[in-house]
Each structure stands twice: as structure tokens, then as C-alpha cells.
Amino acid sequence: MDDLQFYPTPPELAERAWSMFRNRRFERVLEPEAGSGALLERMPNKHQYHRNFDCLEIDMQHHPRLRELGATVLGLDFMSYDKGAQYSHVIMNPPFAEGIKHVLHAWDILWHGEIVAILNAETVRNPFSRERQHLLNLIEDHGNVEFIEGAFTNAERKTDVEIALVHLEKKADSRDLLGTLLDDLSKDSEAPDGIEIDCHQDLAIPNSNIENAVLAFNAAWVATQELVRAEARAEYYQNLLGPTFEQLIGEQGDVRGHRSAEWVRDALHDRYQKLKNSAWANILLMTEINSRLTASMKAEFARRFEEIKDLEFTVGNVRGFLSGLVENQGEIQVEMLCDIFDEITKYHTGNRVHYRGWRSNDKHRTCGMRIKSTRFVLPYFKPNYSGMALEWESKNKLEDFDKAFALLDGNPQAEHFGLVDLFNSRYAELAAGNRLSCDFFDVRYYPGTGTIHFFPGNRKHIERLNMIVGRHRQWLPPKEERVDKAFWLQYEDAEKFDKEITRRAKAHPQNKKSWRGLLDNAFSSNDPEEQASASAFLDDIMKDVQQEKGIDIDAAIDHENRDLPALTHRQNDLFAA
């Protein structure tokens with residue numbers, strides 16, 4: 001924290017800083033060193049303008065809090081950020097040791113707007129360096145300063161440093177916005193006829209897809225700024241000519257006023273956001289991750305992308321994102337497999353069996369669930385309007401299964417003859433009731449009801465899926481845990497006991513308290529108390545059935561301070577997945 005010089009702005013100082021802005025319409029605000037959001041929390045009319053608040057913060061631990069407050073987090077390092085032309089206001093509490101550099105950088109990248117900065121008073125009082133003299137000149141020509149003693153004496157992090165509140169206002173040069181008519185005309189007269197533009201211009205492009213993408217993005221941004229300002233100039237000159245004939249006789253609307261600096265700033269912001277969206281989407285396209293995700297994971301990834309695309313598009317941020325993607329790849333894959341597991345188990349209780357779970361608390365035991373390894377049945381696979389193939393949504397469901405089971409097979413990038421291939425190439429035979437095979441399943445299709453019966457071709461795939469989901473949801477012990485063989489015995493034999501467990505669960509008095517019943521509420525009730533109660537009743541039923549079969553695992557799942565025998569070779573092989 002000391003290295004980052006994190007001193008949260010006290011509320012009184014934050015309010016005073018905001019009050020220095022002359023323009024009270026906070027159209028687009030940038031905070032370059034946002035910390036934990038102390039300045040944002042004191043923003044005037046925050047309910048109206050908070051969605052217009054962008055920030056950078058070098059300490060990533062603060063990013064979730066900043067997003068909670070409604071800020072858009074662009075990235076980490078303000079000194080490498082150069083897209084300030086879109087902002088109307090910059091408010092900042094930079095590290096005191098680097099304050100002068102941060103303020104001058106903000107001035108350089110701002111095009112038309114105001115800056116309020118909280119600085120060490122010595123930065124202004126003692127202009128011994130060229131940078132400090134430059135800031136003093138800016139204050140004299142474009143702003144004012146207010147000195148405050150004791151601003152941080154009662155703050156979250158205390159310091160006796162005297163504060164300088166610096167206000168600067170930068171106005172766009174009319175020549176930058178509108179150009180000069182004579183200059184433009186003279187340049188046009190000097191341009192040779194038939195001039196061609198070389199888009200490459202012998203650029204020394206690095207041999208790196210990431211760096212190429214950032215170069216293209218930066219080139220697009222420069223061209224976009226030129227285009228927006230050219231549009232403003234063109235409309236200004238057009239208006240100098242007066243209305244068209246159609247406007248004179250009232251067949252078209254009135255002549256519009258020239259486009260202002262505010263219009264340019266807003267247009268730059270909107271187009272910049274679209275450029276970033278495209279740039280980040282292109283990076284995702286390069287990773288090909290989208291082609292390996294199931295439909296539900298694509299939706300989740302799209303939600304996460306809303307945060308990703310806000311980041312400044314730099315080489316550092318792209319590499320950081322890709323590193324995070326690699327680190328989280330396992331988590332993404334597990335969530336994808338959990339989606340498939342839920343898809344199989346939610347429609348038909350006959351697709352699953354139950355066992356007593358590993359985790360426990362003071363209220364109840366956790367129940368576990370497995371997919372049957374012999375067969376499961378799923379609905380919703382309807383033929384399309386022609387009756388000669390599956391409808392589009394049904395094919396997407398099968399594609400999700402292909403992706404998940406290719407992952408379970410250990411080589412998701414390999415070529416497989418999957419469910420989609422089978423239904424595309426042999427639909428007529430399947431619709432006639434034939435049982436056919438692909439790499440992962442034998443299937444039998446009933447087009448009248450839209451039902452498919454799945455017979456796993458390799459039971460190890462189902463065993464691996466059950467194990468991964470069971471461990472992720474803490475129904476099963478972690479890999480490193482030594483486990484009494486009685487626990488694994490009831491897990492392996494769950495299919496033998498399930499018919500009796502299901503019968504007793506349906507006959508239990510508590511089963512009728514909810515239309516979903518014990519078997520569903522134990523796993524999927526939205527009410528935590530109802531889920532806990534259903535799980536406890538179901539656990540009691542399973543305990544009774546298992547004890548009647550000679551299995552008692554209470555000692556096995558009371559897993560504290562126990563000396564357990566090692567697993568057998570078969571158990572090690574089965575549960576190493």
C-alpha cells in the first residue's frame with residue numbers, strides 16, 4: 001500500500017474538489033487514480049451521472065468495489081493512457097510523489113474540459129523544476145488553486161501534508177475544431193490529382209498478433225479522431241453557404257447549427273467504445289475459446305466480456321487478460337461440465353442416483369447426485385419444419401454435449417464423430433428407430449416425442465463427469481483427502497440402492513409439502529431452509545437404506561482427526577479424475 005501511496009480522499013475534501021468544477025453537467029468523467037472510490041462516492045448528482053464515470057486504478061484489489069459503485073474500470077496505469085479527448089471532467093488524487101506528472105499528463109490528453117487535482121502544496125509553492133513551472137503557468141493562464149491545511153489529519157490514512165486543490169479548464173482551439181477556410185483551400189489546391197494513399201506506408205509491424213492488433217486499434221483511433229473533427233468542419237463550412245433550395249421552400253428541415261466541441265467529445269467517446277469492443281472481440285476470436293464453450297457458458301462469458309471490453313486496449317492489458325484466461329481455463333471447463341451435468345439430471349429423476357455427501361454442517365448432511373452410467377433420457381429434441389433433420393436449437397444442445405464429452409475424453413481439439421455428425425449424416429435411420437453410434441454414445445431417437453435415449457459408449461466419461469462435478473460441489477472429498485472405503489462403497493453402489501431410496505422419498509410425509517418433492521428440493525430449491533430440510537430428510541432415508549444393506553458411513557464422513565487406510569489401486573484409478 002505504501003508503495004502505491006494509497007491515501008483515500010476524506011469526504012470533506014472530496015466534496016470540495018467536486019465543487020471546483022464550473023461545468024456541473026458531468027457528461028463524461030475520468031478518475032485516473034480511483035483507489036477504493038472515495039471521490040466517486042461524493043460525486044454530485046451521482047444517481048444521474050455515475051454511469052458516465054470511467055476510472056483507472058493500479059491496485060486491482062479495488063476494481064470490484066469500483067464496479068459496484070457504478071464506475072467503468074479501464075485498466076491500471078494512467079500514465080500509459082492517452083484517450084482523454086472524450087472526457088468533459090477529470091478529477092484526481094494522484095500519488096503525491098508523482099502528482100505533477102499525472103496532472104500534466106491529464107492536461108496533455110484532455111481536449112475540451114476541466115481538471116481538478118489534489119496535490120501536495122509544495123508542488124505549487126516551490127516551482128523549482130521545469131515541470132512545476134509548467135504547472136504554475138497553466139494555473140495562471142487556465143485556472144486557479146486553493147490551499148488547505150489539515151485535510152488528511154482525520155482521514156483513513158493520516159498525513160500532515162498541506163493540500164493544493166488545483167483547477168484547470170482547457171478549451172478546444174476553434175481552429176482545431178473548425179480549421180481555417182483559407183488554409184484548407186490552399187492545401188486542397190496543392191494536392192495532386194489522383195493521389196493514392198498507401199495504407200501500409202512501410203510500417204515495421206512486429207511479428208506478434210497482439211502487437212499487430214494494438215497497432216491497428218491505435219491507427220483506427222487516430223483516423224476516427226480526424227474523421228469526427230472533419231465532420232464538424234464540413235458541417236460548419238456547409239452552413240456558411242446557407243440553406244439548400246429544399247430548405248428554403250420548406251420541403252426539408254432547418255439548417256443545423258455547427259457541431260460544437262461537446263458534440264465532438266461525445267462522438268469520440270461513442271466511437272471509441274465501439275473500437276474497443278471490436279478490438280477485444282478480435283482477441284477472443286484469436287483464442288478460439290468461443291468455439292469450445294457450451295451455450296450457457298457463452299452467455300456467461302458474454303456477461304464477463306462487458307467488463308473486459310471496458311479495459312483500455314493496450315499490449316499490457318491484452319496480455320494480462322490472456323494470462324487470466326489461461327489461469328481460469330480449468331474453472332471455465334468445470335463450469336461447462338456442471339452445465340451438462342445439470343442438463344442431464346434436471347429433466348428426469350430416472351437419469352440420476354443419490355448418495356450421502358462428504359460435506360456436513362451443524363444442520364444437515366449434504367446429499368450427492370450421480371448420473372447413471374448405463375442410460376439417461378432427455379426431451380426437447382424436436383424435428384424441424386421439414387421433418388428431415390433436427391431443429392436448430394436441438395442441434396445446439398447436441399453440440400454442447402459434443403464439446404463437453406470431447407473435453408472429458410481428454411482431447412477437446414481432436415476430430416471426433418459426435419452427436420451432431422451422427423444426426424446430420426444419418427437422421428433418417430435414427431428417425432426410423434435404429435440405435436446408432438457416435439464416438440461418445442449409442443443413441444435411440446423418438447421423433448414423435450422429441451426424446452433421445454443416450455447409452456454412454458465409454459462409462460469412464462460419465463464416471464469422470466460425476467467425479468468432477470461431485471468434487472466441485474463438495475459432495476465428494478478433495479483428491480488429497482484419505483477416505484474410508486465405506487464412503488466409496490456407498491458411492492459406487494448408489495445405483496443398487498436408488499430404487500428403494502426413491503420409493504421411500506416419494507412416500508415420505510415431507511415429500512408432499514412442496515410440489516417439487518424431496519428429491520428435487522434437496523438439490524435445487526431456491527429457499528436455503530427448504531433445501532436444507534429436504535437434504536436432511538433425504539440423508540436420513542439414504543442412511544436407513546444403506547444400514548439395511550450393511551453399510552454405515554457416519555464414521556467415514558465425520559472426517560476430522562482420522563487415521564485412514566490407503567485406497568486400493570482400483571479406487572485410486574477410478575477417483576483420480
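Me: Hi! Where is the place of L76?
Reply: Hello! In this predicted model, L76 sits in the loop between β3 (72–75) and β4 (89–92).

Me: Is L76 buried or partly exposed?
Reply: L76 counts as partly exposed, because its relative accessibility is 30%.

Me: And which residues form a nonpolar patch on the surface with L76?
Reply: Those are I58 and M60; together with L76 they have about 280 Å² of accessible area.

Me: Nice. Switching to charges: how many salt bridges does the structure hold?
Reply: There are 25 salt bridges. One of them joins K83 to D82, with the closest N and O atoms 2.5 Å apart.

Me: How far apart are the closest N and O atoms of D520 and R352?
Reply: They are 3.1 Å apart, and the two residues form a salt bridge. D520 belongs to helix α22 (residues 518–524) and R352 to strand β8 (residues 352–360), so this pair ties together parts that are 168 residues apart in sequence. R352 counts as buried, with 3% relative accessibility.

Me: Which residues are linked in a network of salt bridges?
Reply: E500, R503, R504 and E548 are linked that way.

Me: And which residues form the negative surface patch?
Reply: That patch is made by D409, E415, D421 and D439. Of these, D421 is placed in helix α17 (residues 419–425) and is partly exposed, at 32% relative accessible area.

Me: OK, rings now. How many aromatic pairs does a search of the whole structure find?
Reply: The search finds 26 aromatic pairs.

Me: Where do W488 and Y491 sit in the chain?
Reply: Both are in helix α20 (residues 485–492), three residues apart, so about one helical turn separates them. W488 is buried at 2% relative accessibility, and Y491 is buried at 4%.

Me: Which residues do ring pairs link into a cluster?
Reply: The cluster takes in F376, Y380, F381, F401, F405, F440, F441 and F454.

Me: Last one: which helix does M297 lie in?
Reply: M297 lies in helix α13 (residues 295–308), and this residue is buried, with a relative accessible area of 5%. The C-alpha atoms of M297 and I332 are separated by 7.9 Å, while the two residues are 35 residues apart along the chain.

Notes. Residues are numbered from 1 along each chain as its sequence is written. This is a predicted model: local features need pLDDT of at least 70, side-chain atom pairs count only at pLDDT 80 or more; totals for chains, interfaces and linings use all residues. Side-chain values use heavy atoms; hydrogens and water are left out. Patches are made of residues with over 30% relative accessible area and no salt bridge: like charges are joined within 9 Å, nonpolar side chains (Val, Leu, Ile, Met, Phe, Trp, Tyr) within 5 Å. Accessible areas come from the Shrake-Rupley method with a 1.4 Å probe; for residues, only the protein chains shown count as cover. A salt bridge is a side-chain nitrogen of Lys or Arg within 4 Å of a carboxyl oxygen of Asp or Glu. Lys and Arg count as positive and Asp and Glu as negative; His and the chain ends are not counted. The place of a charge is taken as NZ of Lys, CZ of Arg, CG of Asp or CD of Glu. Helices (H or I, at least four residues) and strands (E, at least two) are DSSP runs, numbered from the N terminus. Buried means under 20% relative accessible area, exposed over 50%, partly exposed in between (1.4 Å probe, protein chains only). Rings of Phe, Tyr and Trp (its six-membered ring) pair if their centres lie within 6.5 Å; planes under 30 degrees apart count as stacked, over 60 as edge-to-face and the rest as tilted.
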